[in-house]
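These are my notebook entries on one chain.

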Amino acid sequence: MNKKMVVANWKMNPSTYEEAENLVKSVLKYGDKDVVLCPPLIWLTDFSHKQRKVSWGAQDVFYEKAGAYTGEVSVPMLADAGVSYVLVGHSERRAMGETDDLVARKLQSVLDGGLSPILCVGENQRMGDSALIEEKEFVAKQLREALQLVSFAQGDNEPRLVIAYEPVWAISARSGGVADTPESAALMISHIRSMLEEIGSPVGRSLKVLYGGSVNAENVKGFATQEEIDGVLVGGASLKQDDFKKIVGVFRKN
Ligand code: PGA
């Protein structure tokens, strides 16, 4: 799938191991390393131990390596289980109280542990049709805060960093399935690359930046054909076998 990637964020779905296993089996028929599956943690490591054909991602992680942190899981544990990616700062976690400082510590621990963070950023509301100054400023602040602990002098950290632009208002659970337009998402992603350069990232332009928010089998082509967009982070549609297969297929062709 060349440089592009498709990430499936199953969130707290499906309800049973059997359904989860069926979803994995279906993706294994066509998936490769550029398809990243992020199942709930309870099943993630079972799958990631057994299967290395696709890539595996966690939906969250704690920043300490080990110790008295009841209920938490560390980066070394995920790495040991064959997990390569970790979603950091997803808006649904931020809504549950995750602060910018926590996001920054998690991001740094994922980089330190040799895994790839997928940093989620995005404004809560959209005032107009295309990215406006307020929205750009909101996203720039999220980027600055999340990357505050990253030393860009250690250039080797950066190619592992992935950014997902996920405008909160376009996430299907909130928008009822109305996505951003591909043109407007591409515009914000191009702003994100400029912002990364302003923050001090020497390779900001070559980082992977994904779009997420109500991507489905019908609208995916619009996103896949935008040069600025390096892939998609898919929630709801990643739980539907046929739709997810089509989404990956469209990215392969474009
Ligand atoms: P959605 O979710 O595709 O269901 O909008 C995307 C996400 O929240 O990561």
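I sorted the lining of the second largest pocket by class and found 8 nonpolar, 11 polar and 3 charged residues. I counted Ala, Val, Leu, Ile, Met, Phe, Trp, Tyr, Cys and Pro as nonpolar, Asp, Glu, Lys and Arg as charged, and the others, Gly among them, as polar. The model is predicted: local features need pLDDT of at least 70, side-chain atom pairs count only at pLDDT 80 or more, and totals for chains, interfaces and linings use all residues. Residues are numbered from 1 along each chain as its sequence is written, and side-chain values use heavy atoms, with hydrogens and water left out.

I noted a volume of about 240 Å³ for the second largest pocket. Ser172, Ser214, Gly235, Gly236 and Ala237 are the closest to its centre of the 22 lining residues. Helix H7 (172–175) and strand E8 (231–234) are the elements that give two or more residues to this lining. A pocket here is an open set of points on a 1 Å grid over the protein atoms alone, where a 1.4 Å probe fits, with protein on both sides within 12 Å along at least five of seven lines; lining residues have an atom within 4 Å of a point. Grid points are joined across faces, edges and corners, and a volume is the space filled by probe spheres set on the points.

I then turned to the largest pocket, which holds about 440 Å³ of space. Of its 19 lining residues, Pro40, Leu41, Gln59, Asp60 and Arg93 are the closest to the centre. Its lining has 10 nonpolar, 4 polar and 5 charged residues.

For the overall form, I recorded 10 helices and 8 strands in the chain; helices (H or I, at least four residues) and strands (E, at least two) are DSSP runs, numbered from the N terminus. The C-alpha atoms fill a box of roughly 45 × 45 × 35 Å along the principal axes.

I checked the contact (heavy atoms within 4.5 Å) of H5 with H6: Asp100, Val103, Ala104 and Leu107 in H5 meet Lys141, Glu145 and Ala146 in H6. The residues of this contact divide into 4 nonpolar, no polar and 3 charged.

Last, I read the loop between strand E1 (5–9) and helix H1 (17–28), where Pro14 is found. The peptide bond from Asn13 to Pro14 is cis, with omega near -15°. Lys11 is placed in the loop between E1 and H1, and Lys11 has a positive phi of about 55° although it is not a glycine. Most residues other than glycine have a negative phi, and most peptide bonds are trans.
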